[in-house]
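Here is a short briefing for a first look. Keep the sequence and the model side by side while reading.

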Amino acid sequence: MRRFTRLTNGHSEKIDNHRQAVALHYMYYNFCKIRQRLRVTPAMESRLTDRVWSLEELIGLLTEK
């Protein structure tokens with residue numbers, strides 16, 4: 001993730017923004033993106049969910065607050 005580098009202005013200046021960006025990245029990685037080797041998402045492989053989440057569902061979690 002580019003948020004870990006300080007080469008540009010894209011780095012996180014506040015720790016809360018950094019935490020949220022990392023959490024969003026991990027949620028996308030584990031619930032939305034199908035891994036080529038597994039042919040399912042990591043959350044499906046570990047039986048946390050039975051389907052691939054869409055980006056709309058992921059963003060919907062943010063707006064429920």
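Where is R47 found? R47 sits in the loop between helix 2 and helix 3. The model is predicted. The chain has three helices and zero strands, and its pattern along the sequence reads α-α-α. Of its 65 residues, 22% count as buried.

**Overall layout**

- Helix 1 covers residues 15-32, helix 2 covers 42-45, and helix 3 covers 55-63.
- Take the contacts in the chain with a separation of 6 or more: residues 24 or more positions apart account for 18% of them.

**Helix 1 against helix 3**

- Helix 1 and helix 3 pack at an angle of about 145 degrees. Their axes are 11 Å apart.
- The crossing of helix 1 and helix 3 is right-handed.
- Helix 1 brings L24, M27, Y28 and C32 to the contact. Helix 3 brings L55, L58, L61 and L62.
- Which classes of residue make up the contact of helix 1 with helix 3? There are eight nonpolar residues, no polar ones and no charged ones.

**The aromatic pair**

- A search of the whole structure turns up one aromatic pair.
- The partners are F31 and W53, with ring centres 4.6 Å apart. Their planes stand at 40 degrees, so the pair counts as tilted.
- F31 belongs to helix 1, while W53 belongs to the loop between helix 2 and helix 3. The two parts are 22 residues apart in sequence, so the pair ties them together.
- Both F31 and W53 are buried.

**A43, a buried residue of helix 2**

- A43 lies in helix 2.
- Is A43 buried or exposed? A43 has a relative accessible area of 1%, so it is buried; the cut-off for buried is under 20%.
- Leaving out residues up to four places away in sequence, A43 touches N30, F31, L48 and T49.
- A43 and K33 are 10 residues apart in sequence. Their C-alpha atoms are 9.8 Å apart in space.

**Salt bridges**

- How many salt bridges does the structure hold? It holds two.
- One joins D16 and R19, with the closest N and O atoms 3.4 Å apart. Both residues lie in helix 1, three residues apart, which is about one turn of the helix.
- D16 is partly exposed, at a relative accessible area of 46%. R19 is exposed, at 54%. The two labels differ because exposed requires over 50%, with D16 at 46% and R19 at 54%.
- Another joins the side chains of E57 and R51, at 2.9 Å from N to O.
- E57 is partly exposed, with 33% relative accessibility. R51 is partly exposed too, with a relative accessible area of 37%.

**Around R51**

- R51 is located in the loop between helix 2 and helix 3.
- Beyond residues up to four places away in sequence, R51 touches M44 and E57. E57 is its salt-bridge partner.
- R51 and V40 are 11 residues apart along the chain. Their C-alpha atoms are separated by 8.7 Å.

**Positive phi in the loops**

- Most residues other than glycine have a negative phi.
- R39 is not a glycine, yet its phi is positive, near 70 degrees. R39 is placed in the loop between helix 1 and helix 2.
- At 69% relative accessibility, R39 is exposed.
- R47 also has a positive phi, about 65 degrees, although it is not a glycine.
- Is R47 buried or exposed? R47 has a relative accessible area of 75%, so it counts as exposed.

How values were computed: Residues are numbered from 1 along each chain as its sequence is written. This is a predicted model: local features need pLDDT of at least 70, side-chain atom pairs count only at pLDDT 80 or more; totals for chains, interfaces and linings use all residues. Side-chain values use heavy atoms; hydrogens and water are left out. Rings of Phe, Tyr and Trp (its six-membered ring) pair if their centres lie within 6.5 Å; planes under 30 degrees apart count as stacked, over 60 as edge-to-face and the rest as tilted. Helices (H or I, at least four residues) and strands (E, at least two) are DSSP runs, numbered from the N terminus. Buried means under 20% relative accessible area, exposed over 50%, partly exposed in between (1.4 Å probe, protein chains only). Axes are lines fitted to C-alpha atoms, for helices over the stretch in contact, and angles run from 0 to 180 degrees between N-to-C directions. A crossing is left-handed if the near helix is turned anticlockwise from the far one by less than a right angle, and right-handed if clockwise. Contact means heavy atoms within 4.5 Å. Ala, Val, Leu, Ile, Met, Phe, Trp, Tyr, Cys and Pro count as nonpolar, Asp, Glu, Lys and Arg as charged, and the others, Gly among them, as polar. A salt bridge is a side-chain nitrogen of Lys or Arg within 4 Å of a carboxyl oxygen of Asp or Glu.
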